[in-house]
Amino acid sequence: MSSSKKKNVTPAQEKYQKLASNYEKKRPVVQNCIRAFFIGGLICLIGQGFHVFYYTFFDFTQRTAGDPTVATLILISVLLTGFGVYDRYAQFAGAGTAVPVTGFANSIASAAIEHRTEGYVLGVGGKMFKLAGSVIVFGTVAAFFIAIIKTILIQWGGL
């Protein structure tokens, strides 16, 4: 807690905070980070396996095999979300399941499942992008600014 917040605390509040901190469960931050690292890496390894599979056994190049790979990962994420498996997996893996494609698909599918009782248009269609909408806006704005920076660097720096 910052020192400015501690100045406004009464002695009774300070005593309560000390008591509460004694009973507060300590979070295993390092263990959670290691678990998230390996689970996220496992998801990426599976994606890489699909990528190699598509350009080895189908008529894709290494460059074009990314499209069916992403589609496959999205499909698997949505199916796992629909069967209720992804949430249990995410409880165990934590931030490791926030790999952009699978985490994004999970957020859209879970919102659609949650609001399906409100109807297909106002429930599923209207609230499906409630969480994902901010991600889409942030990604679009970030891409816009990166494109401007790249254009400036190419014009001036000759990249």
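View 1. Along its principal axes, the C-alpha trace spans about 70 × 50 × 40 Å. This is a predicted model, in which local features need pLDDT of at least 70 and side-chain atom pairs count only at pLDDT 80 or more, while totals for chains, interfaces and linings use all residues. Residues are numbered from 1 along each chain as its sequence is written, and side-chain values use heavy atoms, with hydrogens and water left out.

**View 2. The helices.** You will find eight helices and zero strands in the protein chain (DSSP runs numbered from the N terminus: helices are H or I, at least four residues; strands are E, at least two).

View 3. Of the contacts (heavy atoms within 4.5 Å) with a separation of 6 or more, 49% join residues 24 or more positions apart. Buried residues make up 21% of the 159 (buried is under 20% relative accessible area, exposed over 50%, partly exposed in between, with a 1.4 Å probe and protein chains only).

**View 4. A closer look at I34.** Here is I34, a residue of helix 3 (residues 29-57). With a relative accessible area of 45%, I34 counts as partly exposed. The C-alpha atoms of I34 and A111 are separated by 28 Å, and the two residues are 77 residues apart along the chain.
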